[in-house]
Amino acid sequence: MGAMRMMEWSAASATNAYFDTLKLCNDRRRQCDSWKTQEPGSNEFVSALAAGMKAKLIVEVTSSVSPSTIALAAAAKHTGGKLVCILPEPVLNESKKVIRDSGLKDLVEFKTGDPFELLLNYENIDFSLVDCKNDEYTRLLKLLDVNPRKSVVVANNLVGERKGLEGNLGEKKKRVPVRSTKHPIGKGMEVTMIGKNIDQRGNENWGGGRKKTSGKSKWVVKVDEKSGEEHIFRVPG
């Protein structure tokens, strides 16, 4: 029962991570022109998803300094977990500075080197994100050792006809329920849900086996104090 409780959906954590990411990424956009071209929305979504499912071990494979690193570190802050960020050596110092300036340095463990070798060091990953700009991203996705009880794999930047896992985790996890869905978020994002809480119709149950009490969602409104912009975010009721 204790392990199941750990993986229950937390609307409060999802909401808090969402707004933390929104603020931190907006602050970074004001400071750095290159970040102004980043499409908003995808990072907040990823942060809320990781925090809401209470992911403890979060792994990201990226090829550049990315707002998704801020998003996942913000999620780790609300779950008591940690983010392992695998990235190329040339962008390490800049990534460290971005995370340090965001106040998240204690939540991120940076690793440089061959991602195909580094991924082998991590087991039962709760939440993972792979930047699919890498031409061999499909190999990286299939190398992930996911938590079979409940986990999420995000394939980011799936431009055009690029495909992610499409429900295929390979022979090791063949009997684990899996559902992959591609979303028109950012430049294209596939979210794969894995675990025993996905029923035979492919629906995920975020409630840890509890009976659903309401089908309604809750809307949260947040006003950015500096810009005056109003942001509306929907979370499970």
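The questions and answers below go through parts of a predicted model.

Me: What kind of model is this, and how are residues numbered?
Reply: The model is predicted, so local features need pLDDT of at least 70, side-chain atom pairs count only at pLDDT 80 or more, and totals for chains, interfaces and linings use all residues. Side-chain values use heavy atoms, with hydrogens and water left out, and residues are numbered from 1 along each chain as its sequence is written.

Me: How many residues of strand β2 are buried?
Reply: Helices (H or I, at least four residues) and strands (E, at least two) are DSSP runs numbered from the N terminus, and β2 covers residues 82-87. Buried means under 20% relative accessible area, exposed over 50%, and partly exposed in between, with a 1.4 Å probe and protein chains only. By that cut-off β2 is mostly covered, and the buried count out of six is five.

Me: Which residue of β2 is the bridge partner of valine 61?
Reply: Two strands pair if DSSP finds at least two bridges between them. Strand β1 (residues 57-61) and β2 pair in the parallel sense over five bridges. In β2, the partner of valine 61 is isoleucine 86.

Me: Which helix lies in the β-α-β unit with β1 and β2, and what is the hand of that unit?
Reply: A crossover is right-handed if, with the strands pointing away from the viewer, the path from the first strand over the helix to the second runs clockwise. The helix is α4 (residues 67-79), and the unit is right-handed.

Me: Through which helix does the chain cross from β2 to β3?
Reply: β2 and strand β3 (residues 108-112) pair in the parallel sense over five bridges, and leucine 87 has threonine 112 as its bridge partner in β3. The β-α-β crossover from β2 to β3 is right-handed, and its helix is α5 (residues 92-101).

Me: Why does the span of α4 agree with its number of residues?
Reply: The expected span of a helix is 1.5 Å times one less than its number of residues. For the 13 residues of α4 this should give 18 Å, which agrees because the end C-alpha atoms are apart by 19 Å.

Me: Is leucine 107 buried or exposed?
Reply: Leucine 107 is found in the loop between α5 and β3. Contact means heavy atoms within 4.5 Å; not counting residues up to four places away in sequence, leucine 107 touches Ala73, Ala76, Lys77, Gly81, Lys82 and Leu83. The C-alpha atoms of leucine 107 and lysine 77 are separated by 6.8 Å, although the two are 30 residues apart along the chain. Because its relative accessibility is 18%, leucine 107 counts as buried.

Me: Which residues form an aromatic pair, and of what kind?
Reply: Rings of Phe, Tyr and Trp (its six-membered ring) pair if their centres lie within 6.5 Å; planes under 30 degrees apart count as stacked, over 60 as edge-to-face and the rest as tilted. The count comes to one aromatic pair. Tyrosine 18 and phenylalanine 19 form it, at 5.2 Å centre to centre and 90° between the planes, and the kind is edge-to-face.

Me: Which residue of β7 is the bridge partner of valine 152?
Reply: Strand β7 (residues 189-195) has seven of its seven residues buried. Seven bridges join strand β5 (residues 150-156) to β7, and the two run antiparallel. Arginine 179 has methionine 193 as its bridge partner in β7. For valine 152 the partner in β7 is methionine 193.
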